[in-house]
Amino acid sequence: MNNLFNNIRFWTRSFLLKLAKDLKPSESKGHVIRESKNLFQKEIKIPVFISFIFTIIAVYVMLVMGVGVDLKIMFAVLIFMIAVVVFFAAQIQNKEKAVLDDNDAVVLMCLLFINSLLTFQISKEYLSPFASPVSAFSIMAAMLLSLRLGGVYAVCLSLCVAFLNDMRFDIFLTMLGGAIFVVANVHAIRKRSDFINVAVKTVIANSVLVSMFYLVGNYDNFQFKYNLFYSVLNGIFSIVILLVCMPLFERVFSRTTNIKLIELSDFNNPLLKRLMSEAPGTYHHSIMTADIAEQAANIVGENSLLARVCSYYHDVGKLKNPLYFIENQTPVHNPHDNLNPEMSRIILISHVKEGVLLAKKHNIDNEIINIIRQHHGTTVMHAFYHRALEVGLRVDTEYFRYSGPKPTTKISAVIMLADSCEAACRSIDNPTATRIKDMVEKIINNKFIDGQFSVCPITLKDLELMRDSIISTITSIYHARIEYK
Ligand SMILES: [Fe+2]
Ligand SMILES: [Fe+2]
C-alpha cells in the first residue's frame, strides 16, 4: 500500500514537472529570432503545450458539432481524433522536431487547422463537401511551414472532410488527390499570380477524380455535374483564401516564403538601391557571393533562392562606413592607415550589428537577419590582428574575433563560406584554377579547424560538396586559365 502511494506520488510529481517545463514558452533556436520593437517581428509567446491542447479541444468540438451531438458519435470523434493526433505527432517527431522550437510556427500550425475545419464546416453546411479548400490550406502549410508538413496537412485535412461527410471515401480521395498534386508542385510558386496555377491544378485533379468515381458508378448524372461544379468552385475559393491569408500569415508569423524572397531580390528595394549607389564595391561583392552561395546551397539541398537573397543583404551594415571596407576603397586611399588596429576592429565588427539594425528597420525577414548576424561567426580579423602585432600592441587573437554567433543553420554556413571565399579569391593575382582551388580549400579548412561549424548541423560530406561547388563557380566567374604542367 505504501509502495503504491509512493509510486502515485512519484508519477504525479513527474507529470507536474513535465507540465511546468512544457508550459514555459520555448526559446527560439536556429533560424528564428525575435527582438525587434516592430510589432510584426515580435515572437508570439504562446506555449506549445497550450496551443496544442486548445487546438485539439477546438477541433474536437467542431467535429462533434459537424457530425452530431450524441454520446456514440462523441466517442467515435474521440477515436478519430486520437488517430489523427498520433499520425500528426509521429510525423513531427520523426522529421519536423525543429518546428516545435518555434512558437510562431506552432501557433500558425494550430491556426491553420482550426481555420480549415471552420471553412470545411461552412462548405458542408451551405455548399458541398467538394468545395472544401483542402488544397489551399495544405499549400499554405507547405509554403509557411515545410513541404513535409504540407503533405501531412493534406492527409489530415482530407480525413477530416471525409469524416464530416459520413466517412465517404470518394470525398477523401478527391480532396487528397487535389491537395497532394498542388503540394508536390509547391516549388513552382514564385509569385502571387502562381496561385492561379494552384487553383487550376486543384480543379483538374478534383475533376479527374470525380469523373473516375462517376465512371465506376458512384454518382448519377446530376451528382456528377453537381460535384464537378463545386470542384471548380473549390479552385476559386483556393485563390481567394491564398491571396487573403498568405500575406497576412507571412507577416504576422514572420515566415519567409519563395514569394517574399522574390520580392526581396528586386533591386528596386531601397536597401539594395542604397548599396548599389553608396557602396558599389560591396554591392558587386554581394552579387558575386549570391552566385556562389546559390550553387552551393543547391548542392547541399538547401533553398538556393534564400541563399541568393541572404547574400544580397549580408553586408548591408557596410552602408554606415562604406569606405572602411576594402572592396569600396581606391588603391591609393585606405582610411585604416590613419587608424589604430583597435579602432579598425570596432568598425569591422560594427558592420554586422549595423546590418541587423538596418535590416530590421526595412522589415527584412528574421531568417535573413539571423544570417546577417552569423555571416562572420566568431572568425578572427587576421589583417588587423597582425597589424596590431606589427605596431607592438600586446593583444590576444580572441580580442580580434567577430562577436558571432557562429552559424546555426546549413544555409548560414553556406553564406559564410561563399562570402569568405569570394572576398579571398578577389585578392588573388592572376586567379588561375589551381590558385582558386587552393584558396577555397584553405578557407574551408581554417573555418572548420577554428570550430565555426560547431553548432551547425553540417556534415563533412556537405562541406566537401560545397567546396567543389564554390571552386567551380568562382573558377567560371573569373574565367581562369587552366595551368598545364
Ligand atoms: Fe561581412
Ligand atoms: Fe561579405
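Helices (H or I, at least four residues) and strands (E, at least two) are taken as DSSP runs and numbered from the N terminus. The structure is a predicted model, in which local features need pLDDT of at least 70, side-chain atom pairs count only at pLDDT 80 or more, and totals for chains, interfaces and linings use all residues. Residues are numbered from 1 along each chain as its sequence is written, while chains are lettered from A and ligands numbered from 1 in the order in which they are written.

The secondary structure of the protein chain consists of 19 helices and zero strands. A residue is called buried if 20 or more other C-beta atoms lie within 10 Å of its own, exposed if 12 or fewer do, and partly exposed in between, with C-beta atoms placed from the backbone. Of the 485 residues in the protein chain, 41% are buried. Two residues are in contact if their C-beta atoms, placed from the backbone, lie within 7 Å. Among contacts in the protein chain with a separation of 6 or more, 75% join residues 24 or more positions apart.

The buried nonpolar residues were then examined. In soluble globular proteins, nonpolar side chains tend to be buried together. A nonpolar core is here a set of buried Ala, Val, Leu, Ile, Met, Phe, Trp, Tyr and Cys residues joined through C-beta atoms within 7 Å. The largest such core holds 62 residues, of which Leu 108, Ile 139, Met 140, Ala 141, Tyr 153 and Val 161 touch the most other members. At least two residues of this core are supplied by each of helix H2 (48–67), H3, helix H4 (103–126), H5, H6, H7, H8 and helix H9 (221–252). H6 provides the largest share, twelve residues. Leaving aside residues up to four places away in sequence, Val 161 touches Phe 120, Pro 129, Ser 132, Val 134, Ile 171 and Met 175. Another core, of 50 residues, lies apart from the largest one and has Leu 272, Cys 425, Met 439 and Phe 453 among its members.

Individual helices were considered next. The expected span of a helix is 1.5 Å times one less than its number of residues. Helix H7 (residues 169–184) has 16 residues and reaches 22 Å from its first C-alpha to its last, close to the expected 22 Å. Twelve of the 16 residues of H7 are buried, so this helix is largely enclosed by the rest of the structure. Among these buried residues are Asp 170, Ile 171, Phe 172, Met 175 and Val 183. Their cover includes helix H5 (134–144), helix H6 (147–164) and helix H8 (195–215). For helix H17 (residues 410–426), the 17 residues should span 24 Å, and the end C-alpha atoms are 24 Å apart, which agrees. H17 is also mostly covered, as 14 of its 17 residues are buried.

Two packed helices are described by the angle between their axes and the distance between the axes. Axes are lines fitted to C-alpha atoms, for helices over the stretch in contact, and angles run from 0 to 180 degrees between N-to-C directions. Helix H12 (residues 280–299) and helix H19 (residues 460–478) pack at an angle of about 145 degrees, with their axes 9 Å apart. The residues making the contact include Met 288, Ile 292 and Ile 299 of H12 and Leu 465, Ile 470 and Ile 477 of H19.

Particular residues were also examined. Ile 368 lies in helix H15 and is buried, because 25 C-beta neighbours are found inside 10 Å. Ile 368 touches Val 309, Cys 310, Tyr 313 and Ala 359, not counting residues up to four places away in sequence. The C-alpha atoms of Ile 368 and Tyr 313, 55 residues apart along the chain, are separated by 7.7 Å. Ala 76, in helix H3 (residues 71–95), is partly exposed, with 16 other C-beta atoms within 10 Å.

Asn 363, in the loop between helix H14 (341–361) and helix H15 (366–374), has a positive phi of about 55 degrees although it is not a glycine. Asn 363 counts as exposed because 12 C-beta neighbours lie inside 10 Å. Asn 430, in the loop between H17 and helix H18 (433–449), likewise is not a glycine but has a positive phi, of about 50 degrees. Asn 430 is exposed, with 9 other C-beta atoms within 10 Å. The peptide bond from Gly 404 to Pro 405 is cis, with omega near 5 degrees, and Pro 405 is found in the loop between helix H16 (382–390) and H17.
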